[in-house]
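Please open the model in a viewer and keep the selection panel at hand. The stops below proceed from one selection to the next.

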Amino acid sequence: MISSANQPVELPPLTIGNVPIGFPVVQAALSGYSDLPMRVIARRHGASYSVCEVMLDQFLLSLTKRQRTRHFLDIADEEHPVGGQLMGAEPEQFSLGAMKLVEAGFDIIDVNFGCPVKKVLGRCRGGFHLSQPAVAIDILKRTRDIVPDHIPVTVKMRRGIDDSDEARQQFFQILDGAIDAGLAAATVHGRTVVQRYIGPSRWEFLKEVKTHVGDRLKILGSGDLFNAHDSLRMIEETGVDGVTVARGAIGNPWVFQQARELAETGKLPDAPTLHEQAAVMREHFSLCEKTYTVERAPLLMRKFCIKYSQSHPDYENVRLAFGRLRTREEFEIAMTLHYTEDGPGRHVPRELHGSQEE
């Protein structure tokens, strides 16, 4: 196995449609997280592709250039290729929302049929569509028809609404419909919608999916990818074409470069030192100030700083220092207190990964 053999492994570069991605470990869409600053930081640390946080079709159609909302469609020159992810209920509105993402400059349009959040399901969006194949396939066809041919369309799915035979049949009906509609790839999460983030992700289902589609569709795996070893092991065990790291990438952009080095050398590199962590945190904070405003950045960075602190050996105390972050000055005080003296960092312990929307 990749995770224990200490041997280099050659992974075929990932291509989605006509878009070359490269190294097949990429950053997933993360609601409330994968904004421009997070995507740029991930790109600078080895992510070959990333997907923006999911946007509602209704929101996109009403989006203006106002200061508080313009950042949703911002794309940095250095982060291409980048995907725009869309979620909605009505097929016609959905396709119009997709065009908003095309106009913004996203290289790939991703349709979200995977979100398990109750308020989303209650409004017949996200994972709900897995229970209505006809509507789901209509959305995929309309989206593929309206998006220019040179821009790939992909879909994000869970393995079904639940573990019933009917849900399984609906999943594969939609998957086959995606192929017929001309989609380039599907990201498949190994949990059901009902399961949300409880219990293990079934990687064996991903192997079944890839066997089913063969070369007709690129499959990216998702679920329980918290470190470089996980990422390479999923590719090896399931045969998927690539993997999307979600919760494991929040506050841990190093995971992408670590996966590259693990594949190239068979050895996991050391965790970033405290000074290396501090440099990235300040870099992220500055990007946040530029993307939003100096006033809003500290509140938005609070959740990221808490995640970054998981790589610090004194995590519990460092986490508390960022818990009420309100100003850049308070951020620098915490940084001075915990990151002035250099020392070894740590790879984030698996038990610290909580549940975010992925």
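Select Arg233 and Glu237 in helix H9: these residues are 4 apart in that helix, so about one helical turn separates them. Helices (H or I, at least four residues) and strands (E, at least two) are DSSP runs, numbered from the N terminus. An α-helix has 3.6 residues a turn, so residues three or four places apart point the same way. The model is predicted, so local features need pLDDT of at least 70 and side-chain atom pairs count only at pLDDT 80 or more, while totals for chains, interfaces and linings use all residues. Residues are numbered from 1 along each chain as its sequence is written, and side-chain values use heavy atoms, with hydrogens and water left out.

Arg233 forms a salt bridge with Glu237, the closest N and O atoms being 3.3 Å apart; the term denotes a side-chain nitrogen of Lys or Arg within 4 Å of a carboxyl oxygen of Asp or Glu. Arg233 has a relative accessible area of 22% and Glu237 one of 32%, so each is partly exposed. Here buried means under 20% relative accessible area, exposed over 50%, and partly exposed in between (1.4 Å probe, protein chains only).

Next, remain in H9 (residues 228–238) and select Ser231. Is Ser231 buried or exposed? At 0% relative accessibility, Ser231 counts as buried. Leaving aside neighbours within four places in sequence, Ser231 is in contact (heavy atoms within 4.5 Å) with Val25, Leu225, Val243 and Val245.

Then move to Arg328, which forms a salt bridge with Glu289, the closest N and O atoms being 3.1 Å apart. This pair links distant parts of the chain, 39 residues apart: Glu289 lies in helix H11 (residues 274–291) and Arg328 in helix H14 (residues 328–339). Glu289 is buried at 18%, whereas Arg328, at 23%, is partly exposed. Arg328 also forms a salt bridge with Glu332, with closest N and O atoms 3.4 Å apart. A search of the whole structure finds 16 salt bridges.

Finally, select helix H7 (residues 165–181), which has 17 residues. Its buried residues include Phe171, Phe172, Ile174 and Leu175. The buried residues of H7 pack against several elements, among them strand S7 (108–113), helix H6 (133–146) and helix H8 (203–213). Gly182 follows H7 and has a positive phi, near 95 degrees.

Terms used: The expected span of a helix is 1.5 Å times one less than its number of residues.
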